[in-house]
Every structure is written in structure tokens, then in C-alpha cells.
Amino acid sequence: MLVLGIETTCDETAAAVIERREDGSGHIRSNVVHSQIKDHAPFGGVVPEIAARAHVDLLDGLIDAAMRDAGTHYEDLDGIAAAAGPGLIGGVIVGLTTAKAVALVHGLPLIAVNHLEAHALTPRLVAPLDFPYCMFLASGGHTQIVAVLGVGNYVRLGTTVDDAIGEAFDKVAKLLGLPYPGGPQVERAAAKGDATRFAFPRPMLGRPDANFSLSGLKTAVRQEAEHHRPLSPQDIDDLCAGFQAAVLQSTADRLNVGLKLFRERFGTPTALVAAGGVAANRAIRAGLEEVAAKANTRLVLPPPELCTDNGAMIAWAGAERLVLGASDALDTAPRARWKLDESTATPAQFANTRANF
Ligand code: KG4
Ligand code: ZN
């Protein structure tokens with residue numbers, strides 16, 4: 001099965017062609033991503049209007065490139081998948097409408113994919129992985145622990161009560177004068193800093209639920225930074241190191257609880273998997289390895305380029321749904337908000353807990 005996937009929910013314009021083989025394994029035929037970071041950097045964050053216009057300018061060229069790289073023609077495709085939300089609505093409209101046009105012209109089924117569902121299913125594109133597994137999704141917009149029970153069958157075990165982890169990295173970077181996007185900058189500075197110099201709070205530590213909270217920690221970093229202004233490069237490195245260490249410890253604790261809740265409700269997960277831009281952070285990746293080892297659980301970490309937003313994950317989620325007989329009407333609406341656990345208007349047969357890989 002060959003599926004073209006389109007991603008335009010935030011500041012990456014992306015298109016990809018993936019192949020899903022009969023044994024359930026996946027192969028990326030092409031994966032073209034254009035990051036708009038430099039368009040948004042002067043504003044210190046993603047500007048929705050600029051993003052939507054850039055998607056309009058770039059998307060058809062990227063789709064051409066993805067089809068060319070894959071060495072495929074429209075008549076070879078089995079379906080067109082587009083992220084239909086959640087995300088910045090202008091961008092979502094661009095991607096979904098383009099996919100509808102391609103589907104209509106070539107008589108192909110449209111699959112309107114939930115962006116979060118695509119993150120959740122991506123690990124199955126890179127490794128043999130049965131349901132049910134436990135996913136840690138940490139991006140600029142989302143921080144969630146999710147029980148992935150089957151295609152279209154997700155239960156959220158925990159989420160952030162305020163900021164997303166990536167958002168906290170970005171805000172800390174901004175208040176320390178580091179450029180956007182802040183995650184990689186903070187990681188780089190933290191690697192040179194002393195994590196013990198500042199005693200930052202470890203949010204939610206020991207709480208029986210699996211929720212996250214980042215805004216108190218961010219405020220603590222702000223207060224400490226104000227106290228030491230003007231900041232030397234060493235101050236900045238130490239603040240970043242202290243912040244990242246606090247995020248790490250809090251995340252490890254939240255994941256321990258999440259895995260415990262998973263076991264109580266759904267039995268032993270086949271793996272702990274991670275997705276989202278924050279999962280590209282090396283310290284966080286090492287922390288996840290520790291959590292998984294302690295819980296005696298297999299860890300599946302997609303490569304960083306599949307953790308951040310891309311078209312392959314949308315195409316793959318489309319293929320996973322298409323193979324189960326699902327497709328969507330051409331009047332499917334784009335959605336700014338779309339929770340994962342109300343993810344899909346799913347036929348009952350999707351609610352399988354152990355789908356065959
Ligand atoms: O998944 P993603 O590419 O886009 C969405 O938000 O959907 O994630 C981007 C987020 C940004 O907040 C960025 O700062 C963060 O992921 N991020 C990182 C790292 N790389 C990206 N955070 C911490 N360390 C990193 N190395
Ligand atoms: Zn994402």
C-alpha cells in the first residue's frame with residue numbers, strides 16, 4: 001500500500017510517500033520537510049498568518065518533490081492522507097484542502113488524520129511493535145502520556161495542567177535571550193552548565209496522577225534569572241542545566257506513574273515509546289532509557305527527524321487506518337482542536353487491543 005501524506009499543522013510544511021507492506025512493516029519512500037523556523041524566528045514564536053501563507057507557497061512544490069523522490073505516480077497511490085488537526089487552523093485548511101483536491105482529481109480515498117494519532121503510530125513505522133504500548137508525547141503544543149491500545153483506540157493517562165514541555169523550553173530560552181526555537185538552544189547550554197547551582201522545584205513529584213506542570217518551574221527560572229541580571233554566559237548555562245535537570249526528574253517521575261497506571265488498567269505494555277520535538281533532546285532520551293530499564297520495559301525511540309513534525313508520520317497513520325477500511329468524506333472539516341481520545345469516528349472493529357503487526 002502506497003500513501004502520500006501531508007503535514008501543515010504548525011510551522012513545518014511536509015509531504016512524504018510511505019509504503020505499508022502486507023506484513024505490516026513500513027518503508028519511507030520519500031520524506032520532504034521544509035521548516036519555516038527562519039520566517040518565525042524574528043518574532044520569537046510561530047506566527048499563524050505567516051505559517052499559513054508559507055504553507056500555501058510551499059506545499060505543491062513539496063508534494064511534487066515527495067512524489068519524485070519516491071519515484072511514484074499518482075495512479076500508483078492507494079490513498080492521500082492529510083493532518084486535519086489539531087493545529088493552527090490556517091495551515092490545517094491548506095493541507096487538508098490540497099489533499100482533498102488531489103484525492104478528487106485522482107479518484108483516491110482521503111484519510112483525514114489526527115496529528116497526535118500520527119505521532120502515536122509512528123513508532124510502528126520504524127520498528128515491529130504490537131499494541132498495547134505506552135506513549136510519551138512531548139512537543140511544543142502537547143505533553144501527554146497515552147495508552148495506545150489499537151489504531152483509533154487511545155486512552156490519555158496524563159497531560160500537562162499548564163504549559164507543554166517544549167513550550168517551557170521555548171519560554172525559558174526566550175527569557176534568557178536565546179533564539180527561537182529554544183529547545184535545542186537550552187539543551188546545548190545545559191550541556192555546559194552546572195545543574196546543581198540552582199535548586200529548582202521538581203513539579204508534581206510523587207503525585208499519584210500522571211499529570212505534568214511546567215509553569216511554576218518556568219517562573220522559578222525567571223525569578224532566579226532576574227536576581228542575577230546581567231547574566232553571564234556561565235549563568236545562562238547553569239540556569240539551563242538546572243531547568244533541564246528539573247524537567248528530567250519530573251518527567252521520569254510522571255512516566256513511572258504513567259506506566260504504573262497503564263499496568264493497572266491495561267496490563268503490561270509492549271514498550272514505552274516517545275514522540276514529539278522534545279524527544280529529540282539527548283538528555284531526555286537518556287532519561288527515557290533509564291525509566292524504561294527500571295520498569296523492565298522495551299524502549300522505542302524513533303530517530304529525531306521522525307519525532308519532530310513530518311509527512312511520513314501522517315502518511316503512515318493514513319495507511320494504518322486505510323488498511324482497516326477507513327477513509328473520510330471530502331467534506332471532512334479541518335479542526336483546530338481534536339483530542340486524541342476522541343480521535344477518530346472509528347468503526348467498532350478498530351477497537352482491537354492487539355492488532356496484528
Ligand atoms: O513536535 P514538534 O516539532 O512540533 C510541535 O510542537 O508539534 O516540537 C517542537 C518543540 C519546540 O517547543 C522545541 O523547542 C522542542 O520541541 N524541541 C526541543 C528540542 N528540539 C525541539 N526541546 C528540548 N530539547 C530539544 N533538543
Ligand atoms: Zn507534532
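View 1. The protein donors are His115 (NE2), His119 (NE2) and Asp309 (OD), at 2.1 to 2.2 Å from the zinc ion. Donors are N, O and S atoms within 2.8 Å of the metal (3.2 Å for Na, K and Ca); water is not among the atoms, so sites may look incomplete.

**View 2. The zinc donors follow the spacing H-x3-H-x189-D along the chain**. Histidine 119 and aspartate 309 link distant parts of the chain, 190 residues apart. Histidine 119 sits in helix α4 (residues 115-121). Aspartate 309 sits in the loop between α11 (304-307) and α12 (311-322). Helices (H or I, at least four residues) and strands (E, at least two) are DSSP runs, numbered from the N terminus. Histidine 119 is buried, at 2% relative accessible area. Aspartate 309 is buried too, at 14%. Buried means under 20% relative accessible area, exposed over 50%, partly exposed in between (1.4 Å probe, protein chains only).

**View 3. Ligand 1 has 15 residues around it**. Gly140, Asp170, Glu187, Gly277 and Asn281 come nearest; a residue counts as near if one of its heavy atoms lies within 4 Å. By class, the shell has 3 nonpolar, 9 polar and 3 charged residues. Ala, Val, Leu, Ile, Met, Phe, Trp, Tyr, Cys and Pro count as nonpolar, Asp, Glu, Lys and Arg as charged, and the others, Gly among them, as polar. Helices α6 (165-175) and α7 (182-192) each supply at least two shell residues.

View 4. Taken alone, ligand 1 exposes 550 Å², and the protein buries 88% of that (Shrake-Rupley method, 1.4 Å probe).

**Notes.** Residues are numbered from 1 along each chain as its sequence is written, while chains are lettered from A and ligands numbered from 1 in the order in which they are written. In this predicted model, local features need pLDDT of at least 70, side-chain atom pairs count only at pLDDT 80 or more, and totals for chains, interfaces and linings use all residues; side-chain values use heavy atoms, with hydrogens and water left out.
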